[in-house]
Amino acid sequence: MTKELWCFLFIAFRCNATFAFPGLCTDLHPVNLLALAIDASKNISSGIRRIFDVESQVGAFVMTHIENPPSFSANQIFTKCPYFPEEFSFFFTFKYEPDGNIRIGSNGGGSASWDIHDKDDKRVQCIFSLRNNKTGANLISLEIANHFVMFTYNRTRKKFFDVKLMRSQWHSAGVSVSQNNTHLVLDCIDQQKRRIKRTFPALMKITDAVFHLGECSKKTTPFQGLLKELLFLPGTDASSLACPQNRITAGSDNTLVSSGIWNKPQRLEDGSCTWKDMGNVAYDLQKNLLKVCVNGIWKDTPKTRSCRLDYFEWYQDIKVDGGAVDVEVFTIPGEGLFAAFASNSQSNNKQNKHNRSQKPKLVADHSGSSAVYKWSNDKLILYQKLPTDAAHSFKSFKMDNQFFLAVANYGASMNGSATSSTIFRWSAKRKKFRIFQILRTWTATDIEYFNIRGKKFIAVANYAKGNSLHTTSVIYRWNRKLRKFEKYQLLKTIGARDITAFSVQDYQFLIISHAFDGRSTLLHSVVYIWHNDKFVKFNSMETMGAVDWEYFTINDDHYLVVANSYNFGPQNFKKINTYNTKSTVYKLNIQKKAFEKFQSIPTYSAIDWEFFSIGDQKYLVVTNAQNSNDPHEHYSVIYRWQGVDQFVPIHRMKVLPSADIEVFHIKQDIFLLYANPKSNISQILRAKFV
């Protein structure tokens, strides 16, 4: 094996996909549950009735029949995934009538007093519930009484006491869940938080779930008041954004013009609004802004954020000793966002080669180490050093209510000798990662975690064993009784550089990249499918020094893209443009049961692909390790999905050499983080929009 090729293989490293758990919904949008329930009932009189409130001049709904509550299947919202989102909010606007005495307007403009329910102001009233249709268990419910609001999440109840619900008054309330907190906000005045104990990720399955309005349990009665709206906002803690900080007070320069409840334009003499204006809009002539009445305040309507990427700008330099060949971004609930950099640094401690009969030492030897950074004060700062040995790849995962971080160690020597890869476990008490299990590996280049019908696995890609690149990569299975991973299956591989797990419908796949056989980089990478409790060959694709696979979906189509990094062997005996290759996008043909070539993309020193979305736009970004001497080939490129035009290059970024790229979100900002294998400086870039 040539020295040139060994150097290439040491620098060209794989990419993990952005940290995400299978099945989580990523394409949800805000939903008006009230409107959905009415549409699902096909008849507005079936359990719910639309009325007009004379006092506030607001149209709203009232629940009229206990025995026939409006309902609809959760599948109408969760069309592509079976799990409830990690973060979410519910907002509802209501008029509290504990005795059920509601005044409604008639078509002739008069009014009447209508006693909807029994006059019992002591019972708990149900706004809505999300219930398992088979077991009858409440997954989520929202209930109110005179002195408290009760929110149930995954069968755990949290009560918010001392809430001020005024009889015959309109209120606006929201309940949000984020990390380990649930947050209640009432009229932007009363705000309370409660801690909730939940695992991460909180994969609450909703396959058989049904939304019910006004029906939570036998002990509750339907909501005895007027309900104007009931909004579900997935994927965000909207409680902190719901209430404006400043009120427009009377006496200030007023330029608001409102259409009013009867669509008759009128100038608003008072800068504040009343519940009669609730939900209505006004136009600020001076500021040229549209405003909406929220909780007695004319609030600026949110500006629609452009979802079209303009460019990335420099944000932060990160010093990583020894350079970094891989970076894994992940979040631990209650702790924050972290980034683990796999470092080139090698361990000189011979004790790192553990004997299986010995208990692994729990003290890190930083003669060879990788670094974990934590997001704090709007930047990544060094948080912890982990003992590693020429680390190639990190993978974070959650298992049995605990959080883990696994590293694939290539090893100090480059002769295919045995080394140890490590699984670290997060200590909630010490707020640090601690060594949990040592795996004996051979020049490990990648590590992957996946779950098949409740059975947990880890797959390790071994590059070489001794002088042979024809070796085996290993599938480990979790033994719950022994609390450790054990060897389960061996897969024959050739210079394996990346192993990626993904699922399509109910089928589990693994794809392994074959980079080099000692003679050529022109090889076939293999896709495996889980069948009869083991992985069997499903498909193979011709690749050229393949070092990374990225799986992604667009609409209902499934894709794989390979990073072909090096053209070496008899097919290029003149060694011309060795780093100039074509990487390929493959599309799954379900009828033919095969991945087929979809698009070829010219790449240079390609090491990693990363797929990400911004709004409705889909993107691929490819790294460039900059192994070529031609400066024109030193760009990392961003491609945008454009339908029949396929992926089209839109940005060429002149950045440092990069071996892995991750995209992550902090509040409203989108960042791109890349690992630099050739120097101690890796970087964060921030997205700018048109």
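**A guided look at strands, cores and a disulfide**

Visitor: In which sense do strand β34 and strand β35 pair, and over how many bridges?
Guide: In this predicted model, strand β34 covers residues 470–479 and strand β35 covers residues 484–494. One of the pairings between these strands joins I475 to Q489 in β35. The sense of the pairing is antiparallel, and the number of bridges is 10.

Visitor: Which residue in the turn between β34 and β35 has a positive phi?
Guide: The two strands form a hairpin, and four residues lie between them. Within that turn, a positive phi of about 60° belongs to R483.

Visitor: Which cysteines form a disulfide, and how far apart are their sulfur atoms?
Guide: A search of the whole structure finds one disulfide. The sulfur atoms of C126 and C216 are apart by 2.0 Å.

Visitor: Why is the disulfide of C126 and C216 called right-handed?
Guide: The handedness follows from the torsion about the S-S bond of C126 and C216, so the disulfide is right-handed with a value of about 70°.

Visitor: Is P69 buried or exposed?
Guide: P69 is found in the loop between β3 (58–63) and β4 (71–73). Its relative accessible area is 15%, and the cut-off for a buried residue is under 20%. P69 is therefore buried.

Visitor: Which residues is P69 in contact with, leaving aside its neighbours within four places in sequence?
Guide: The C-alpha atoms of P69 and G214 are 6.3 Å apart in space, although the two residues are 145 residues apart in sequence. Once the neighbours within four places in sequence are left aside, the contacts of P69 are L213 and E215.

Visitor: How many residues does the largest nonpolar core have, and how many has the other core that lies apart from it?
Guide: In the largest nonpolar core, the residues with the most contacts inside it are I77, F78, F84, F94, I140 and F151, and the core has 49 residues. Another core lies apart from it, with V547, F552, Y559 and Y639 among its members, and its count is 20 residues.

Visitor: Over which residues does pLDDT stay under 50?
Guide: The protein averages a pLDDT of 80, and 74% of the residues score at least 70. Among the stretches where pLDDT stays under 50, one has 102 contacts beyond four places in sequence, and this is residues 1–24. Another has 38 such contacts, and this is residues 256–270.

Note on methods:
Residues are numbered from 1 along each chain as its sequence is written. This is a predicted model: local features need pLDDT of at least 70, side-chain atom pairs count only at pLDDT 80 or more; totals for chains, interfaces and linings use all residues. Side-chain values use heavy atoms; hydrogens and water are left out. Buried means under 20% relative accessible area, exposed over 50%, partly exposed in between (1.4 Å probe, protein chains only). Contact means heavy atoms within 4.5 Å. pLDDT is the predictor's confidence in each residue, from 0 to 100. A nonpolar core is a set of buried Ala, Val, Leu, Ile, Met, Phe, Trp, Tyr and Cys residues joined through side-chain atoms within 4.5 Å. Two strands pair if DSSP finds at least two bridges between them. A disulfide is a pair of cysteine sulfur atoms within 2.5 Å.
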